[in-house]
Amino acid sequence: MIHQVDIENFALFERARIVFDGGFNVLSGESGAGKSLALESLAAAFGGRLSQERIGPFGDQIRLRVHVALPADDPRWQPFSLLGIEPDELLVLERQTGRDGRTSYRAQGQPIPAQPVRELADALIQYVGQNQMMRIFTAAFLLDFVDQY
């Protein structure tokens with residue numbers, strides 16, 4: 001479970017923290033409050049697309065940090081263990097992206113490639129942004145759905 005997301009210099013956010021409790025969580029607020037940006041930053045932290053335009057005016061890089069509760073015996077630790085990272089009860093992932101376009105990932109403070117982070121994202125989150133659900137009405141999506149069953 002994702003416990004916390006720390007956001008630095010992402011679009012209009014100088015610094016922000018989202019803390020999730022167990023169970024169902026809701027981000028709510030007025031139009032323009034930053035709900036979509038907060039969710040976009042979460043997707044970016046897990047290796048999602050990140051435009052250089054999202055780097056805010058508060059520095060030269062974006063820093064996104066996610067705290068994930070993951071029991072030490074959880075098989076999702078395996079890709080990280082292969083990189084020399086000891087399983088713990090809390091996995092701390094970080095992504096930094098600079099104006100020069102360079103991106104780096106860290107797990108427990110150690111540099112890692114992006115692939116294990118993206119694989120973990122597939123197992124942990126499903127991000128659907130505004131208007132992305134419209135794809136369910138496309139012929140390709142419907143055919144794929146029917147073919148699965």
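1. A11 lies in the loop between strand 1 and strand 2, where helices (H or I, at least four residues) and strands (E, at least two) are DSSP runs numbered from the N terminus. A11 has a positive phi of about 55° although it is not a glycine, and at 12% relative accessibility A11 counts as buried; buried means under 20% relative accessible area, exposed over 50%, and partly exposed in between, with a 1.4 Å probe and protein chains only. As background, most residues other than glycine have a negative phi.

2. The model is a predicted one, in which local features need pLDDT of at least 70 and side-chain atom pairs count only at pLDDT 80 or more, while totals for chains, interfaces and linings use all residues. Residues are numbered from 1 along each chain as its sequence is written, and side-chain values use heavy atoms, with hydrogens and water left out.

3. Q108 also deserves a look: its phi is positive, near 55°, in a residue other than glycine. Q108 sits in the loop between strand 5 and strand 6 and is partly exposed, with a relative accessible area of 28%.

4. The sheet is open and has 6 strands in the order 2-1-3-4-5-6, with antiparallel pairing, two strands being taken as paired if DSSP finds at least two bridges between them. Strand 2 (13-19) and strand 6 (110-112) stand at the edges with a single partner strand each, so one side of each has no neighbour in the sheet. The twist averages 20° from one strand to the next, with axes given by lines fitted to C-alpha atoms (for helices, over the stretch in contact) and angles running from 0 to 180 degrees between N-to-C directions.

5. Strand 4 (residues 90-98) is mostly covered, as 7 of its 9 residues are buried. Strand 4 pairs with strand 3 (residues 61-69) in the antiparallel sense over 9 bridges, and within this pairing R95 of strand 4 is the bridge partner of L64.

6. Towards strand 5 (residues 103-107), strand 4 makes 5 bridges, again antiparallel. E94 stands opposite R106 in strand 5, and T97 stands opposite T103 in strand 5. The two strands form a hairpin with 4 residues between them, and G101 in the turn has a positive phi of about 90°.

7. Helix 1 (residues 35-45) packs on the sheet, touching strand 1 (2-10), strand 2, strand 3, strand 4 and strand 5, and its direction makes about 100° with that of strand 1; contact here means heavy atoms within 4.5 Å. Its buried residues are L37, A38, S41, L42, A43, A44 and A45, and the buried residues of helix 1 pack against strand 1, strand 2, strand 3, strand 4, strand 5 and helix 3. Helix 1 is followed by G47, whose phi is positive, near 95°.

8. Helix 3 (residues 115-124) lies across strand 3, strand 4, strand 5 and strand 6, and runs at about 120° to strand 4.

9. F145, V146 and Y149 make a nonpolar surface patch of about 400 Å², the area coming from the Shrake-Rupley method with a 1.4 Å probe, where for residues only the protein chains shown count as cover. Patches are made of residues with over 30% relative accessible area and no salt bridge, like charges being joined within 9 Å and nonpolar side chains (Val, Leu, Ile, Met, Phe, Trp, Tyr) within 5 Å; a salt bridge is a side-chain nitrogen of Lys or Arg within 4 Å of a carboxyl oxygen of Asp or Glu. Y149 is found in the segment after helix 4 (139-148) and is exposed, with a relative accessible area of 74%.
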